[in-house]
Amino acid sequence: MDNLLWVAMAGAKENFHSLSVRSNNLANANTTGFKAEFENTRSMSVFGNAYPTRAFAMTEIPGYNFDGGAMQTTGRTLDIAVQGEGFIAVRDGDGNEAYTRFGNLSIGSDGVLRTTNGLEIVDEDGNQIVLPTPLAEINVNSDGYLTGKPIDAEADVVETYQRIKLVNPDVRSIEKGYDGLFRSRDGAILAQDDTVQVQSGMLEASNVNPVEELTSLIRVQRQYDMQMKMMQSAGEMDDAQNRLLAYS
């Protein structure tokens, strides 16, 4: 009974973790630039001072789906979408450099360029991007340079400001944090990659497939229910055994 209960408990625990991964993907089906997470469960032997006598289940996140999401035309000059591979450099909540595909940008009253969810954009030298305000016009070139026209400037005047840092790491060398941002596994700061291009006036949609995630949620939920029934059966068998021993 102990082995049955152990296996069922381990399976139910990891099914619960799988549900959280799939639920998070589904919840971000409409999040700009979101990359879906994969999940996988495998058996692991329990090692001790002797030979392993049982196994338990372990859920892993083997990687992320880096396929590009659908491109949505917005017509807004501060909406940018990375074309092909690459990421936009930002400052996370702790002030460290991180990377995202979220290209919905805005200029604050202080002139700082941020994403609409409050993350500061980083320039190619790793510095904060500060623009003169107000501006009559602002554009983002395909190579990430910001250009604009000050108010009251002549019609043919176009000024070039800082350049948005764009990187293109090996996807095997980065990982996603709980905040949804990507970082180097070794903590290194990635270098500017001049081959990365962006398109202004567009946003990249999430690459989550809602139908696939929903069917996976149903599958994992059924597995979880099966594990719970096994745990219940183990308890009932244990009670029956105790009753038999009591009458013997």
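Biologist: Where is the place of proline 134?

Modeller: Proline 134 sits in the loop between strand 8 (113–115) and strand 9. Helices (H or I, at least four residues) and strands (E, at least two) are DSSP runs, numbered from the N terminus. The peptide bond that leads from threonine 133 to proline 134 is cis, with omega near -5 degrees. This is a predicted model, in which local features need pLDDT of at least 70 and side-chain atom pairs count only at pLDDT 80 or more, while totals for chains, interfaces and linings use all residues. Residues are numbered from 1 along each chain as its sequence is written, and side-chain values use heavy atoms, with hydrogens and water left out.

Biologist: How many bridges join strand 10 to strand 11?

Modeller: Strand 10 (residues 145–150) is joined to strand 11 by three bridges, and the two run antiparallel. Threonine 147 stands opposite threonine 160 in strand 11.

Biologist: How many salt bridges does the count come to?

Modeller: A salt bridge is a side-chain nitrogen of Lys or Arg within 4 Å of a carboxyl oxygen of Asp or Glu. By this rule there are 13 salt bridges. One joins the side chains of glutamate 213 and arginine 22, at 3.2 Å from N to O. Because glutamate 213 lies in helix 2 (residues 210–247) and arginine 22 in helix 1 (residues 2–27), the pair ties together parts that are 191 residues apart in sequence.

Biologist: Which domains does UniProt place at residues 11–35 and at residues 199–244?

Modeller: UniProt positions are given in the numbering used here, feature names are shortened, and annotations may be inferred rather than shown by experiment. The unreviewed UniProt entry gives "domain: Flagellar basal body rod protein N-terminal" for residues 11–35. That span is 68% helix and 0% strand, with its end C-alpha atoms 27 Å apart. For residues 199–244, the UniProt annotation (unreviewed entry) is "domain: Flagellar basal-body/hook protein C-terminal". Residues 199–244 are 76% helix and 11% strand, and their end C-alpha atoms lie 74 Å apart.

Biologist: What are the helix and strand contents over residues 81–147?

Modeller: UniProt places "domain: Flagellar hook protein FlgE/F/G-like D1" (unreviewed entry) at residues 81–147. The chain there is 0% helix and 40% strand, and the end C-alpha atoms are 17 Å apart.

Note on methods
Pairing = 2+ DSSP bridges.
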